[in-house]
Amino acid sequence: MAGEQQNNQAKGQQPAQEQDINQLLKVRREKLAALQEAGKDPFQITKYDVTHHSTDIKEHFDELEEIELEHPDKELLRARITLEENDEAYAEQIVDDVLEEYPDYFPAYELLSGINERQARYEEALEILDKQLERRPDSENARIGIAVCHKDMGEYVLAKEEFKKLLNVNRFSDFLHSQMLDCNSYLIPMYEEKRESGDISYDDVIELAWCYYQCGRFEEADKTLVDAGDRDDISGLERTYLYGRTLLQLGKSDEAIETLLRWRRDYEETFKDDP
């Protein structure tokens, strides 16, 4: 008899429990819909630029906590906050746990490579980043990671090449420009030393002129290009183009236009047989 009463009580409680659960899910769906309507879809906002700090990331994490959303991005946000608090070991553990459950989840690999970079484990970071590019060749974050790794390893030529490729796609990025200028601050004395020793190639002279130009040192770029002299090859074409741009920056408009028109004629002649 007692068992029957308990069963009847349980049956009576089930509709109420189901109603409570449905109401809870309805509230969560409404909160999620409000975030999406405000342009803060937690399933879309999964990427943070390197300039983001824990306050920005925590605000988004709190939104996910509020709707009690279970999603790997929530754990990655937790890892980012932990990383901002300089606890790399715990952040790495969080990411490892995400990858154990979601072994092909791309954003987790992005964050893991960043953690390796912060701990100067550059070879491991580059290996992860290369795998990322195999999965997503258009990943800007992966390419930025590769460039930053090379820069932190002192491989400034490789780093600058990567930053230049990125700037071809995102030319107005202050971060990319600042990183490339930082590379130039190391490359200029390196090329100057090679020039003083007489052990510098024509291509390196042109690259030194580019470094001067990009740093706003137009007089030095001008002198370097004049001393380099012209050449009838691809490097010579680049020298003419840069020389024209440098003259323009120096206010020598007529000479600059004449030089750039000559570059255009030479360019078209050089590549006239290309499809």
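Helix axes are lines fitted to C-alpha atoms over the stretch in contact, and angles run from 0 to 180 degrees between N-to-C directions. The model used here is predicted.

**Exercise 1.** Work out how helices α10 and α11 are oriented to each other.

*Solution.* 
Step 1. Take the two helices: α10 covers residues 202-214, and α11 covers residues 218-228.
Step 2. Their axes come within 7 Å and cross at roughly 160°.
Step 3. Angles over 145 degrees count as roughly antiparallel. α10 and α11 are therefore roughly antiparallel.

**Exercise 2.** Describe the contact of α10 with α11 by residue type.

*Solution.* 
Step 1. List the α10 side: Tyr202, Val205, Ile206, Leu208, Ala209, Tyr212 and Tyr213.
Step 2. List the α11 side: Phe218, Glu220, Ala221, Thr224, Leu225 and Ala228.
Step 3. Sort these residues: 11 are nonpolar, one is polar and one is charged.

**Exercise 3.** Classify the aromatic pair of tyrosine 213 and phenylalanine 218, then that of tryptophan 263 and tyrosine 267.

*Solution.* 
Step 1. A pair of aromatic rings is described by the distance of the centres and the angle of the planes.
Step 2. Tyrosine 213 and phenylalanine 218 have ring centres 5.4 Å apart and planes at 70°, so this pair is edge-to-face. Tyrosine 213 is buried, at 10% relative accessible area.
Step 3. For tryptophan 263 and tyrosine 267, the values are 5.5 Å and 40°; this pair is tilted. Both residues lie in helix α13, four residues apart. Tryptophan 263 is partly exposed at 23%, and tyrosine 267 is partly exposed at 40%.

Methods: Residues are numbered from 1 along each chain as its sequence is written. This is a predicted model: local features need pLDDT of at least 70, side-chain atom pairs count only at pLDDT 80 or more; totals for chains, interfaces and linings use all residues. Side-chain values use heavy atoms; hydrogens and water are left out. Angles under 35 degrees count as roughly parallel, over 145 as roughly antiparallel, 65 to 115 as roughly perpendicular and the rest as oblique. Contact means heavy atoms within 4.5 Å. Ala, Val, Leu, Ile, Met, Phe, Trp, Tyr, Cys and Pro count as nonpolar, Asp, Glu, Lys and Arg as charged, and the others, Gly among them, as polar. Rings of Phe, Tyr and Trp (its six-membered ring) pair if their centres lie within 6.5 Å; planes under 30 degrees apart count as stacked, over 60 as edge-to-face and the rest as tilted. Buried means under 20% relative accessible area, exposed over 50%, partly exposed in between (1.4 Å probe, protein chains only).
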